[in-house]
Amino acid sequence: AYASGGNKYEKTPSLGHKELSENRDILTAYGYDNRRTWVTEGGIAITNEEERARRQQARASVINNVQSVANGNDKHFLFVVPQYYESGREFGIFCEDKTPSPAYSSLETFTYYMGEGNYKGIFRDLAENTLGYLFNNGEKDVGVFWTENGENFAQVATGAKATLVDLMGN
């Protein structure tokens, strides 16, 4: 089927991507709830190539992927990878000089650590404005966290050994 558009965790629909949840509801209503769905034109457009806009694109690219899979989509593909301007907006994740943008690097890091990307649930009881999703990469659990208040870090308590990696793989 094609549809466009330490802490506790629960396997519930995630926050965000309301239209993806609505598409899933339509499939369920017609008896197609077991069909695989893909997002084939995901991503974020930026209006300039300034460093701040590129960082926003890098962050949003990972968040879009996380929330898409958490909402039941099996795969999430970018709209376009090479540089692509349309109506004054840049959609690609390569720069004008053909070098990878921060979004490319963030997706490379995300893909490496997510592995199989099997969604397990959303974290609860996090700090205010912090979101967290739990996945299994085929070998171990991986948490993805971010803040919705513009902070550059999300504070998360864990009772287990954890490795911290930022968007760029540091």
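**Figure 1. The whole chain.** Which pattern does the chain follow when read along the sequence? The pattern is β-α-β-α-β-β-β-α-β-β-β, with three helices and eight strands in the chain. Helices (H or I, at least four residues) and strands (E, at least two) are DSSP runs, numbered from the N terminus. This is a predicted model, in which local features need pLDDT of at least 70, side-chain atom pairs count only at pLDDT 80 or more, and totals for chains, interfaces and linings use all residues. Residues are numbered from 1 along each chain as its sequence is written, and side-chain values use heavy atoms, with hydrogens and water left out. Of the 170 residues of the chain, 35% count as buried. Buried means under 20% relative accessible area, exposed means over 50%, and partly exposed is in between (1.4 Å probe, protein chains only). The chain exposes about 10,700 Å², and carbon and sulfur atoms supply 49% of that area. Accessible areas come from the Shrake-Rupley method with a 1.4 Å probe; for residues, only the protein chains shown count as cover.

Figure 2. Ile26, Tyr30 and Tyr32 make a nonpolar surface patch of about 360 Å². Patches are made of residues with over 30% relative accessible area and no salt bridge; like charges are joined within 9 Å, and nonpolar side chains (Val, Leu, Ile, Met, Phe, Trp, Tyr) within 5 Å. To find Tyr30, look in the loop between α1 (18–29) and β2 (38–42). Tyr30 is exposed, with a relative accessible area of 64%.

**Figure 3. The second largest pocket.** Here is an open space with a volume of about 400 Å³, the second largest pocket. Rolling a probe the size of a water molecule over the atoms shows where empty space is left. The search uses a 1 Å grid over the protein atoms alone: a cavity is a set of points where a 1.4 Å probe fits but cannot get out, a pocket is an open set with protein on both sides within 12 Å along at least five of seven lines, and lining residues have an atom within 4 Å of a point. Grid points are joined across faces, edges and corners, and a volume is the space filled by probe spheres set on the points. The second largest pocket is lined by 17 residues, and Asn65, Val69, Lys75, His76 and Phe110 lie nearest its centre. Two or more residues of this lining come from each of α2 (51–70), β3 (75–78) and α3 (102–114). By type, the lining of the second largest pocket has seven nonpolar, seven polar and three charged residues. Ala, Val, Leu, Ile, Met, Phe, Trp, Tyr, Cys and Pro count as nonpolar, Asp, Glu, Lys and Arg as charged, and the others, Gly among them, as polar.

**Figure 4. The largest cavity.** About 50 Å³ of space lies in the largest cavity. Its lining residues include Gly42, Gly43, Ile44, Gln57 and Ser61, and also Leu78, Phe79, Val80, Phe91 and Ile93. Which charged residues might you look for in this lining? There are no charged ones, but six nonpolar and four polar.

Figure 5. Side chains of opposite charge can pair when their charged atoms come close. In this view, the side chains of Asp141 and Lys120 meet in a salt bridge (3.1 Å, N to O). Asp141 lies in strand β8 (residues 141–147) and Lys120 in strand β6 (residues 118–123), so the pair ties together parts that are 21 residues apart in sequence. A salt bridge is a side-chain nitrogen of Lys or Arg within 4 Å of a carboxyl oxygen of Asp or Glu, and by this rule the count comes to one. Both partners are partly exposed: Asp141 has 42% relative accessibility, and Lys120 has 29%.

**Figure 6. Positive phi values in a loop.** Asp125 lies in the loop between β6 and β7 (130–136), and Asn129 is found in the loop between β6 and β7 as well. Phi of Asp125 is near 60 degrees, a positive value in a residue other than glycine. For Asn129, also a residue other than glycine, phi is near 65 degrees. Asp125 counts as exposed at 58% relative accessibility, while Asn129 counts as partly exposed at 36%.
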